[in-house]
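Visitor: I would like a close look at one part of this protein, namely the places where charged side chains pair up. Could you take me through them slowly?

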Amino acid sequence: MARPSKSTDVLKAEGKSHRTKAEMAQREAAEKALLTGITMRENADVKKDKVAHREYQRVIKILTAIGKNDALFESVINDYCRLESDIQRYRELRNELENDETISGSTRYELIAKYDMQIEKYRKQRRDIEKENGMTIASSARSIPKTPTKAVNPLMEVLGIGTDTG
């Protein structure tokens with residue numbers, strides 16, 4: 001799979017690029033058009049949950065630093081934070097169950113296996129969100145045309161010079 005194109009911010013920071021000024025201007029305009037310009041808001045259920053709220057604050061800090069704190073990703077990030085809370089909750093239940101001597105050995109290990117399966121299910125969902133969110137951000141760069149649209153000279157078009165039909 002090909003590596004995604006670098007954003008104009010990255011290209012400017014590196015100070016080297018084979019792209020012309022016109023290409024860079026077009027790419028920058030296209031990148032800005034893909035974002036809403038509205039910052040993300042935390043859902044009420046994420047605010048209530050301490051673990052999810054802490055994860056939300058961590059993720060928002062990172063997204064703000066890279067310039068991707070946009071409402072377009074709001075619901076996905078809130079889901080991502082709720083999943084972290086669910087994983088934490090199941091870990092705590094699993095740890096309590098491991099130390100619970102009142103439940104017989106085989107029953108306890110069956111319950112621990114169920115909790116482990118649930119934890120892995122939530123972890124997979126988080127990884128999928130991470131991949132999709134990364135792909136969404138990267139795909140926003142990939143969806144930008146690499147070359148600027150060329151203006152068509154009407155005279156050349158009428159004469160059939162420089163066109164595929166000529």
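**Salt bridges, pair by pair**

Guide: Let us begin with Arg-108 and Glu-101, whose side chains meet in a salt bridge with 3.8 Å from N to O; the term stands for a side-chain nitrogen of Lys or Arg within 4 Å of a carboxyl oxygen of Asp or Glu. In general, side chains of opposite charge can pair when their charged atoms come close. Arg-108 counts as buried because its relative accessibility is 10%, whereas Glu-101, at 62%, counts as exposed; here buried means under 20% relative accessible area, exposed means over 50%, and partly exposed lies in between, with a 1.4 Å probe and protein chains only.

Before going further, please keep in mind that this is a predicted model, in which local features need pLDDT of at least 70 and side-chain atom pairs count only at pLDDT 80 or more, while totals for chains, interfaces and linings use all residues. Residues are numbered from 1 along each chain as its sequence is written, and side-chain values use heavy atoms, with hydrogens and water left out. The pLDDT is the predictor's confidence in each residue, from 0 to 100; the protein averages 81, and 81% of the residues score at least 70. Confidence is lowest in helix α1 (residues 8–14), with a mean of 70, and highest in helix α3 (residues 44–48), with 95; helices are DSSP runs (H or I, at least four residues), numbered from the N terminus.

Another salt bridge joins the side chains of Arg-94 and Asp-116, at 2.4 Å from N to O. Because Arg-94 lies in helix α5 and Asp-116 in helix α6 (residues 105–142), this pair ties together parts that are 22 residues apart in sequence. Asp-116 is partly exposed, its relative accessible area being 26%.

Salt bridges can also be linked to one another, as in the network that connects Glu-55, Arg-58, Glu-84 and Arg-126. A search of the whole structure finds eleven salt bridges.

Notes. Helix = DSSP H or I, 4+ residues; strand = E, 2+ residues; numbered from the N terminus.
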